[in-house]
Every structure is written in C-alpha cells, then in structure tokens.
Amino acid sequence: MQLVLYTPEIPQNTGSVARLCAATNTPLHLVEPLGFKLTDRYLKRAGLDYWPHVKLSVWPHWEACLEGVRPGRLVFTSSGNRGIQGQDYHRFAFGPDDAIVLGPESKGLPDALLEGREHLVRIPIWGCVRSLNLANAASVLLYEALRATGGLPE
C-alpha cells in the first residue's frame, strides 16, 4: 500500500499524512508543485519527530511519479462534487499493492486524472460539507485499505 499526494497545498495536512505513513509503515509520495517548501516549519511540526521514519519520495511531476511508484493499481479519490463520482470506499475491493492518490485541498484531483478511471473511490459525506480534510481522508482510506487487505496487525 502507498499514498500519493498530488500537488498538496497545506503543509500541516502533509505533515499529518507523513505521521500517518510513519505510523503504518506506508510509503508517501509527493507530486510537485507543492504549495510549501519541505523545510516549512508547519510541515515539520505536524509530522513531529517522525520524519526519519517516513518513506518519502518527491516527484517533479505526475509522469515521474508513475515511473517511480509502479503500483499494482492507482486508486484515485474524488469527493464527487464536480460530477465525477467514485465508488464508496467501504464497498471498494482494495488490493495490497494499491497506491491511493489524493488531490490538492482546494480543488481535488484534476478531471483529466479522474475521467474514465476504473479505480475511483469516494468517502460519503452528508450535509453542506464538500470534502473532508486531506489528512482525515487519507487516514480513513488508508486504514480501510489496510483492513481490507489484511495489512493491520492482529
């Protein structure tokens, strides 16, 4: 299992996702451009002292990420608020070699990455909220994927 953050914008969210990845021994991939520098104090603070335990890769663009990650499958995420709606994550059959791809906080993944994708998931949301916080969404999806594939400790 791997997590990919496509052009993340908020350092605190990325730092929280990095801590999640350290806690679950999950590789984290960041696709540039980033909305912050890797030396950002808010990024470092959110990740606390776990950064040495994060399997972090930073890619200059999407194509380089695809070449470097080489997942079994790419599982894209969408809130569905632009009409491109995936399968509810709890009904999706995750695989152990999946890479879960999440988009930037302000706009999500671009339509060009989402259109026609076979492996597209969403987290159901009720009410007036358009999407969840990136770190929260990453946590929900990663732990469900690990649970579904037997990746959690017994």
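This is a predicted model: local features need pLDDT of at least 70, side-chain atom pairs count only at pLDDT 80 or more; totals for chains, interfaces and linings use all residues.

Biologist: Is Asp-88 buried or exposed?

Modeller: Asp-88 sits in strand β5 (residues 87-88); helices (H or I, at least four residues) and strands (E, at least two) are DSSP runs, numbered from the N terminus. Its relative accessibility is 18%, so Asp-88 counts as buried.

Biologist: Which residues does Asp-88 contact, leaving aside its neighbours within four places in sequence?

Modeller: Contact here means heavy atoms within 4.5 Å. With those sequence neighbours left out, Asp-88 touches Arg-122 and Pro-124.

Biologist: Which residues are linked with Asp-88 in a network of salt bridges?

Modeller: A salt bridge is a side-chain nitrogen of Lys or Arg within 4 Å of a carboxyl oxygen of Asp or Glu. Asp-88 and Arg-91 make one, at 3.4 Å from N to O, and Arg-91 counts as exposed at 56% relative accessibility. The network that includes Asp-88 also takes in Arg-91 and Arg-122.

Biologist: How many salt bridges does the structure hold?

Modeller: Side chains of opposite charge can pair when their charged atoms come close. One of the pairs is Glu-144 with Arg-147, at 2.7 Å from N to O; they are 3 residues apart in helix α5 (residues 134-148), which means about one helical turn between them. The count of salt bridges for the structure is 5.

Biologist: How far apart are the closest N and O atoms of Arg-73 and Asp-98?

Modeller: Those two form a salt bridge with closest N and O atoms 2.8 Å apart. Arg-73 is in strand β4 (residues 73-77) and Asp-98 in strand β6 (residues 98-102), so the pair ties together parts 25 residues apart in sequence. Arg-73 is partly exposed at 22%, whereas Asp-98 is buried at 2%. The distance you asked for is 2.8 Å.

Biologist: Which are the edge strands of the sheet?

Modeller: Two strands pair if DSSP finds at least two bridges between them. The sheet is open and has 7 strands in the order β3-β2-β1-β6-β4-β7-β5, with parallel pairing. Pairing on one side only marks the edge strands, β3 (56-59) and β5.

Biologist: About what angle does the direction of helix α1 make with that of β1?

Modeller: Axes are lines fitted to C-alpha atoms, for helices over the stretch in contact, and angles run from 0 to 180 degrees between N-to-C directions. Helix α1 (residues 11-24) packs on the sheet, touching β1 (2-6) and β2, and the angle with β1 is about 170 degrees.

Biologist: What is the phi of Thr-7 near?

Modeller: Thr-7 is in the loop between β1 and α1, and it is buried, with a relative accessible area of 13%. Although Thr-7 is not glycine, its phi is positive, near 45 degrees.

Biologist: What is omega near for the peptide bond from Glu-32 to Pro-33?

Modeller: Pro-33 lies in the loop between β2 and α2 (41-47). The bond from Glu-32 to Pro-33 is cis, with omega near 5 degrees.

Key:
Residues are numbered from 1 along each chain as its sequence is written. Side-chain values use heavy atoms; hydrogens and water are left out. Buried means under 20% relative accessible area, exposed over 50%, partly exposed in between (1.4 Å probe, protein chains only).
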